[in-house]
Structures are given as C-alpha cells and as structure tokens.
Amino acid sequence: MRNSEVRDFLFRGLMFEAESERFRLAGIQIGADSTEAEENLLKEALAPFGIARRNNALEMARLFAVLFCFENEIRDFIREALVEKEGQDWIDKLPPKIKEHAESRREMALKDSWLEGEKSDLLGFVDFGQLAQIIVAKWEIFKNVIPTQHWLKQRMDELEKCRNFIAHNRMLLPSEFQRIYMYIADWNRVIGL
C-alpha cells in the first residue's frame, strides 16, 4: 500500500468509528453482540459437564464475582484512606508482620511464577483476613466510617471463611449465599457504595 492509500484507509476507519458511535448511542447495535458471544463461549466451555454441575458453577461464578469486587473495594478503601492520612509512604507504615508477609508473597510471585498478572501492588498480596487487621491497627483513621471493630471483625471473619470455601471450589447452601450478600450489602451501605 502506498502512503496515500494507508492514510485513506485509516481515515475511512476513523469515519466508520465516529458514525458507528452515533448508532450505538441511538441504541442500534453495530457488529457482533459481545454478550451473546461471551455466553456462547461459556456454554461451549461448560458443555462437557453435567447440568447440575454447570448450574452450580454459574451460581458460584456470580458469587465469586461479587466477592472479587468486594475484596478489591476494601483494598482501594484502605489504600485511599491511608494515602490521605499518612501520605504516599503509607505502605511503610503498615503493621510490620503484615507488610513482611505481603512482601514475601510478592517476591515469590516475582521470582517463581510464570503468571504475568499484577504484581506491583503490595496491598494485593495482603491476605483477606489481614485487611481487617490493617483497619484495626489504623483504627483512628477508620473509626469515623466503620461502626465498631466488632462489626468489622465479625463480617470479615465470616466472609473470609466463605471466601476460602469458595476458593477451594466447594458449593455453598442458598442461606450461605444470602448471608454473604447481606454482609457485603452492609459494608457497601456503611462505606457509601
């Protein structure tokens, strides 16, 4: 392709994108439906398994998604509060045992793992249960948001047990699903999500 053809091709592509955005904003679908494509990929991946196992997996996947969001919201909540009150070096002011544990886990991930996911965020290597410990250790920063340390510990201890149960691919009962959703809704209401 000559330079003028390349420019023309790129210009037409930009024009198509601009026009297609107008259609999308008007509620008109352009291109393949990504939701339908994702559903088809999931159906294909789950097809070899029995219907009961697939249904359980889909229930647990929804719960895992909620717990994933919840856990990472807590990490962000802690990070934002500590940056605001303790400055950019807040990580150095974490309880020493928690900081050492997270650093050793990150070092192991950097050294031994073939996984290339996020490894720069030290708070991402803090265990779920240690998140509550950080809040308690820094209670002066969090006491105006979280009702009591007892409230925090009770919910976080229960959720940690559930989280670990789920992480080992064990099915929960419907009442346990409801309790998890209730605790997370409590947290979101208190924090203001």
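Which residues in α5 are buried? In this predicted model, where residues are numbered from 1 along each chain as its sequence is written, local features need pLDDT of at least 70, side-chain atom pairs count only at pLDDT 80 or more, and totals for chains, interfaces and linings use all residues. Side-chain values use heavy atoms, with hydrogens and water left out.

The protein contains eight helices and zero strands, and its pattern along the sequence is α-α-α-α-α-α-α-α. These elements are DSSP runs numbered from the N terminus, a helix being H or I over at least four residues and a strand being E over at least two. Of the 193 residues, 28% count as buried; buried means under 20% relative accessible area, exposed means over 50%, and partly exposed lies in between, with a 1.4 Å probe and protein chains only. Among contacts (heavy atoms within 4.5 Å) with a separation of 6 or more, 63% join residues 24 or more positions apart.

Helix α5, residues 128-137, is mostly covered, with seven of its ten residues buried. The buried residues in α5 are Phe128, Gly129, Gln130, Leu131, Ala132, Ile134 and Ile135. They pack against α3 (51-86), α4 (96-112), α6 (139-142), α7 and α8.

The last two partners named there also pack against each other. Helix α7 (residues 149-167) and helix α8 (residues 174-191) meet at an angle of about 135°, with their axes 10 Å apart. That angle makes α7 oblique to α8, because angles under 35 degrees count as roughly parallel, over 145 as roughly antiparallel, 65 to 115 as roughly perpendicular and the rest as oblique. Axes here are lines fitted to C-alpha atoms, for helices over the stretch in contact, and angles run from 0 to 180 degrees between N-to-C directions.

On the α7 side, the contact includes Trp151, Leu152, Arg155, Leu159 and Ile166, and on the α8 side it includes Ile180, Tyr183, Asp186 and Trp187. The residues of this contact divide into ten nonpolar, one polar and four charged. One of the α7 residues, Arg155, counts as buried because its relative accessibility is 14%. Arg155 touches Tyr183 and Asp186, not counting residues up to four places away in sequence.

Cys162 of α7 also takes part in the contact with α8, and at 15% relative accessibility Cys162 counts as buried. Cys69, at 47% relative accessibility, counts as partly exposed. The structure holds zero disulfides, a disulfide being a pair of cysteine sulfur atoms within 2.5 Å.

Terms used:
Ala, Val, Leu, Ile, Met, Phe, Trp, Tyr, Cys and Pro count as nonpolar, Asp, Glu, Lys and Arg as charged, and the others, Gly among them, as polar.
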